Amino acid sequence: MTRGLLLRAFLSHYRRHPLQLAALALIILLATGLWSGVWDLTRQARSSLEQGNQVLSGFSEISRANGDPVTVDDFVRLRRAGLCVIPWLNVEADGDRGQIIGIDSVSLGCFAGRAQGKRSLDRFRGEPFVDIGQAASRAQSSGSDSRLRLMAPTDVGSLPQGYRTAPAERRLDTGELADSFLLNLDALCVLVLLITGLLVRSVYLLGQSQRRASFMLLRRFGVRPSRIRRFLVVELAVITVVAALPGTLLGLMLAQGFAVGFERALGGLFDVTLFSQSLSWMSIVPVLVMTLLVLLWCLVSPAGSRPRRGKSYLLPGAALLLGIATLWVYGSSSLLQVFLALALLFLAVGVLTPGLIAGVLARLSRSRHAGQPLQRWSLRELSVMVRRLGLPVVALQFAAATVLAIQALVTTFEATFYDWLDQRLQGDIYMEWPIDANLERLAPTLRSLEAVDAWHPVTRGEATLQQPQQSRVDLLALEPSSPLLQDWTFLAAVDTPWHAVADGQVMINEQLARRHGLKPGDALGVTLSGSTQQRVIAAIYADYGRPSGEVLIAAKLLPPNFRPSFVSLTLDLKPSADIGKVSRTLQTAVPDLALHIRNNDSVRGLATRVFHQTFLLTQAISLLTLVLAGMALLVLGWVFFATRRWYFHLLRVWGLSAGELRRLVARLSVGLTLLSALAALPLGVLLTWVLVARINPLAFGWSLPMAVYPLFWIQLLGVAVGIGLIIAWLIQRQLGDTAPDPVTMDQLAGEER
């Protein structure tokens, strides 16, 4: 047979079944879009982490010897002294995009004559680098936080009196924490690929069963089996490439749409700025990867290649694997081990689900309590459907379980975070105070204002942890007697924690406690301004979203020479107080100081927006995965029901009315999708526990309470019922009084007739 005739013979299947071709292409397109979009974002983030560590290599930071912050006047003075200095203005995220860095391109030109600096010039092109004037204008117009730094080469030379240099460092070393965040996204993408593999393989195997007679005919015409397999490989490769190319473009569009929120999440959680990325050959990697995966999914170990006698050990083996994977998830000590154990757990569940459901339905059909023969037949038919559509049923189960777990995680986090935020933002006014100004200047004004009910200062800085392990930690100093602090809740604490802090004990955040295995009553060695203090831990408090360890002490314990990095005041006003009037009074009391006074509601809104972005991407991926699985099950269910039309017609011949047959088909299709969703509930609960109790603490250092939301379960079951009704409506349109063509021995296996 010529190549042209053989090609026409292969294409004839899709002319007869265009829906299968559309389903296969749509699954590959959507899956490629989902995976490539997240892959592109995580690739940019990892590249930005590397660039962030390299961009300041070879630089020193110039600061004042007395510790005062540098200003534009310092930059002008140093430049006039003939030094090669670059202004570096960090402007924090606002509603437009993530962090930007303002630089002066003219000053950057002084590096052109230096070999090391010349190689570094390309690093400062594209986002997040902008002209310093643009960055300053943005900071002024939006009220965003900004910080000026002065950078110079390591061989800058002698500095004028009053200045010093130190190696330039990033403000926060996120280390493995940012990698863990990206690893979570990668794991979710792997789950998307797993679901895609199940769906693609199910469509492919369905097509193979329908083409069995065609392949037998081709072999009778002299076409060798090896040639048929080569054509199948080429056919799959062409379909995948044609579908994956627009899928990759869709992924780039998704990545661009999520870039702003993704950068805000990285900046808010890990102080990571996304650097400008240009298109490269890496952009076509998803096409190549998806093509390879589709070929592996469909052509490796085809159906019928395994002996049936081995299936008797499949369910017990899967049950044993499920037990081992569950124990491994519980006892694993690293994020990678959790993901590997979770993969084995999903594998075991995927093997168990179709067999258990089909077995239970088959046993019920043989039970004496099954009812009338038609009810017995319905149970048996549903058992066959679950077995025949095992892969898409498992795919829908995995997708629904993922949506359940992500929804529970996000809802729990929002509820917990809002409570924590209300605890931290007690009071009505939040005011930043200059670190060099004496706070007592404002005390008389605060005491004289009748609108002020209570107030307390908050001092932040850095300390060095000496015991149990030397490391840098953030320091938070408060007045433990303040009434604004008495409603705090703790993860673990002594009987009266604030009294203990007033007596000299300390509190630590959950991240620090988990990192070093600390608990209330343990000793802690902290160095403040060169003075080491031995303190006892009084309480452990939640500190969501921050990777850094933190120690909370009473303000009276701060050494006289301690230099804070930030000072603020929190004021609680009476219900009838005018916040604007109080703010103007405070500003008038110290006219020489530029106070930043904000309503706590605005601070709460900013924090809420940052944390919303943290889970927006995972929510979108999980929901799109559910849509993908639901559409695939809809298409495959429709196709499979079409293969059963002959048996449905026999029911009409045996006396079933048209209305009764339509109701029977509806019950079967809804039963199929509803069983998939019900099977997802226990897996979703287990996955929720893994996320909040295992992955979250290992990835971010803080945990969440375990919670489930049955109302959302009902909504998800409603979606499953809707998919089943759509399948029933589609197949009911094909049912009529005219008998369809009967099925043959080559179309279905004996167990399915």
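This is a predicted model: local features need pLDDT of at least 70, side-chain atom pairs count only at pLDDT 80 or more; totals for chains, interfaces and linings use all residues.
## The chain as a whole

Residues are numbered from 1 along each chain as its sequence is written, and side-chain values use heavy atoms, with hydrogens and water left out.

The protein chain has 22 helices and 16 strands. These are DSSP runs numbered from the N terminus: helices are H or I with at least four residues, strands are E with at least two. Of the 753 residues, 50% count as buried (under 20% relative accessible area; exposed is over 50%, partly exposed is in between, with a 1.4 Å probe and protein chains only). Now take contacts (heavy atoms within 4.5 Å) between residues at least 6 apart in sequence: 82% of them join residues at least 24 apart.

## H1 against H8

Helix H1 covers residues 3-16 and helix H8 covers residues 212-220. The two pack at an angle of about 165 degrees, their axes 11 Å apart. Axes here are lines fitted to C-alpha atoms, for helices over the stretch in contact, and angles run from 0 to 180 degrees between N-to-C directions. H1 and H8 are therefore roughly antiparallel (over 145 degrees; under 35 is roughly parallel, 65 to 115 roughly perpendicular and the rest oblique).

Who meets whom? From H1 come Leu6, Ala9, Phe10 and Arg16, and from H8 come Ser214, Phe215 and Leu218. Sorted by type, the residues of this contact are five nonpolar, one polar and one charged (Ala, Val, Leu, Ile, Met, Phe, Trp, Tyr, Cys and Pro count as nonpolar, Asp, Glu, Lys and Arg as charged, and the others, Gly among them, as polar).

## H21 against H22

Further along sit helix H21 (residues 658-700) and helix H22 (residues 710-732), with axes 8 Å apart and an angle of about 150 degrees. H21 and H22 are therefore roughly antiparallel too. Residues in the contact include Val665, Leu674 and Leu681 of H21 and Trp713, Leu717 and Ile727 of H22. The whole set divides into 17 nonpolar, four polar and one charged.

H21 also holds Pro682, which is exposed, with a relative accessible area of 56%. Its C-alpha lies 8.1 Å from that of Ala401, although Pro682 and Ala401 are 281 residues apart in sequence.

## Other spots to look up

Is Thr570 buried or exposed? Thr570 is buried, with a relative accessible area of 8%, and it lies in strand E15 (residues 566-573). Leaving aside residues up to four places away in sequence, Thr570 touches several others, among them Gln426, Trp455, His456 and Asn600.

Ala319, in helix H11 (residues 314-331), is partly exposed, with a relative accessible area of 42%. After H20 comes Gly655, with a positive phi near 115 degrees.
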